[in-house]
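Trainee: Could you walk me through how to read a fold like this one, starting with the sheets and ending with the pockets?

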Amino acid sequence: MFSQKAGPIGIFDSGYGGLTVFDKIRQAMPEYDYIYLGDNARTPYGPRSFEVVYRFTRQAVMKLFSEGCQLVILACNTASAKALRTIQQRDLPDWDPARRVLGVIRPTVEMMDQVSTTKHIGILGTAGTISSYSLEIEKMFPHITVTGESCPMWVPLVENNEFDSPGADYFVQKHLDHILSVDPRIDTLVLGCTHYPLLIGKIRQSLPQGVTVFAQGEYVAESLKDYLNRHPEMDRRLTRGGECRFLTTESAAKFSEAASVFLNDPIEVEQISID
């Protein structure tokens, strides 16, 4: 169905936020080739049903596979929460049992018990992402108490380049105050949305001493390096030329402009269709 030749690592997100994960992966593994795909025409995925998120994510993964990717990272918490397991169990055996699709939630959860001393953790993200993190943590570390906080204004602040504004101060402080009032014993906050690392400076300034902010990107990157060390058969199927391609289902010019906020570099972008 797809080419068996070695190819790049695919990284998928519903929009721009996954660029924060891509950036950390590329820093940790600069020698590999990458294709980043943002489904910007249909973002956000957060409010959509499981069925719709699965369908959209499946289309994106198929597109990356058709572009030669042997391994795809869902650098999107919603896609990881609502579509990953079904794609792994239902689709990969039919498409190509040797290919892999990995998410961002499990690598983050695996670190929770090491990072938290009080075993009280806060998750900042959409309602669906909070639910998925809670379920994963409960399965892996049932002794950890999880509190969630939905922060609907944070993504628009980032995407409108307002993450360093006084308005951002207000919305960051409001949600942090609320989650810590619900559980004052929280000592670790997980940024359960790939946009949130751009607010990390304000988040840290707004927190009391002793609370750790946990951004996903670096842990996902380390987890991927570890995965490839443990699976040399997959590592051999990945090309190494240090090249990156960027694809979007929306305007290429718009994506390029917004991506500069996340990557601090101008990039060339191709507009594509995946539905």
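This is a predicted model: local features need pLDDT of at least 70, side-chain atom pairs count only at pLDDT 80 or more; totals for chains, interfaces and linings use all residues.

Trainee: Okay, sheets. In what order do the strands of the six-stranded sheet run?

Mentor: The order is β4-β3-β1-β2-β9-β10, in an open sheet with parallel pairing. At the edges you find β4 and β10 (269-271), each pairing on one side only. Ignoring direction, neighbouring strands in this sheet are turned by 20° against each other on average.

Trainee: How do I check who pairs with whom? Say, how many bridges join β1 and β3?

Mentor: Strand β1 (residues 9-13) and β3 pair over four bridges, in the parallel sense. Ile 11 stands opposite Ile 73 in β3. On to the next pair: β3 and strand β4 (residues 100-102) run parallel and are joined by three bridges, with Val 72 opposite Val 101 in β4. Elsewhere in the sheet, five bridges link β2 and β9, again in the parallel sense. Look there for Gly 38, whose bridge partner in β9 is Thr 248.

Trainee: And the side chains along a strand? Which way do those of β3 point?

Mentor: General idea: in a regular strand the side chains alternate between the two faces of the sheet. Now the case at hand: in strand β3 (residues 71-74), Leu 71 and Ile 73 point one way, while Val 72 and Leu 74 point the other way. These residues are all buried.

Trainee: What about helices on this sheet? Which strands does α1 touch as it packs there?

Mentor: α1 packs on the sheet by touching β1, β2 and β9, and its direction makes about 170° with that of β2. On helices in general: an α-helix has 3.6 residues a turn, so residues three or four places apart point the same way. In helix α1 (residues 18-28), the buried residues are Gly 18, Leu 19, Thr 20, Val 21, Phe 22, Asp 23 and Ile 25. Those buried residues pack against β1, β2 (34-38), α11 (216-230), β9 (244-248) and α13 (252-263). Another helix to look at is α4, which lies across β3 and β4 and runs at about 170° to β4.

Trainee: Let's zoom in on a loop. Is Ser 14 buried or exposed?

Mentor: Ser 14 has a relative accessible area of 8%, and buried means under 20%, so Ser 14 counts as buried. You'll find Ser 14 in the loop between β1 and α1. Leaving out residues up to four places away in sequence, Ser 14 touches Gly 38, Asp 39, Asn 40, Thr 43, Tyr 45 and Cys 76.

Trainee: Last topic, pockets. How much space lies in the largest pocket?

Mentor: The general idea first: rolling a probe the size of a water molecule over the atoms shows where empty space is left. Here the largest pocket holds about 670 Å³ of space. It has 31 lining residues, and the closest to its centre are Leu 84, Gly 103, Ile 105, Arg 106 and Pro 107. α11 gives the largest share of that lining, eight residues. By type, the lining divides into 15 nonpolar, seven polar and nine charged residues.

Trainee: And which residues are closest to the centre of the second largest pocket?

Mentor: Those are Pro 44, Gly 46, Thr 126, Val 155 and Cys 193, out of 28 lining residues. The space in the second largest pocket is about 480 Å³. The largest share of its lining, three residues, comes from α7. The lining of the second largest pocket divides into eleven nonpolar, 15 polar and two charged residues.

Methods. Residues are numbered from 1 along each chain as its sequence is written. Side-chain values use heavy atoms; hydrogens and water are left out. Buried means under 20% relative accessible area, exposed over 50%, partly exposed in between (1.4 Å probe, protein chains only). Helices (H or I, at least four residues) and strands (E, at least two) are DSSP runs, numbered from the N terminus. Two strands pair if DSSP finds at least two bridges between them. Contact means heavy atoms within 4.5 Å. On a 1 Å grid over the protein atoms alone, a cavity is a set of points where a 1.4 Å probe fits but cannot get out, and a pocket is an open set with protein on both sides within 12 Å along at least five of seven lines; lining residues have an atom within 4 Å of a point. Grid points are joined across faces, edges and corners, and a volume is the space filled by probe spheres set on the points. Ala, Val, Leu, Ile, Met, Phe, Trp, Tyr, Cys and Pro count as nonpolar, Asp, Glu, Lys and Arg as charged, and the others, Gly among them, as polar. Axes are lines fitted to C-alpha atoms, for helices over the stretch in contact, and angles run from 0 to 180 degrees between N-to-C directions.
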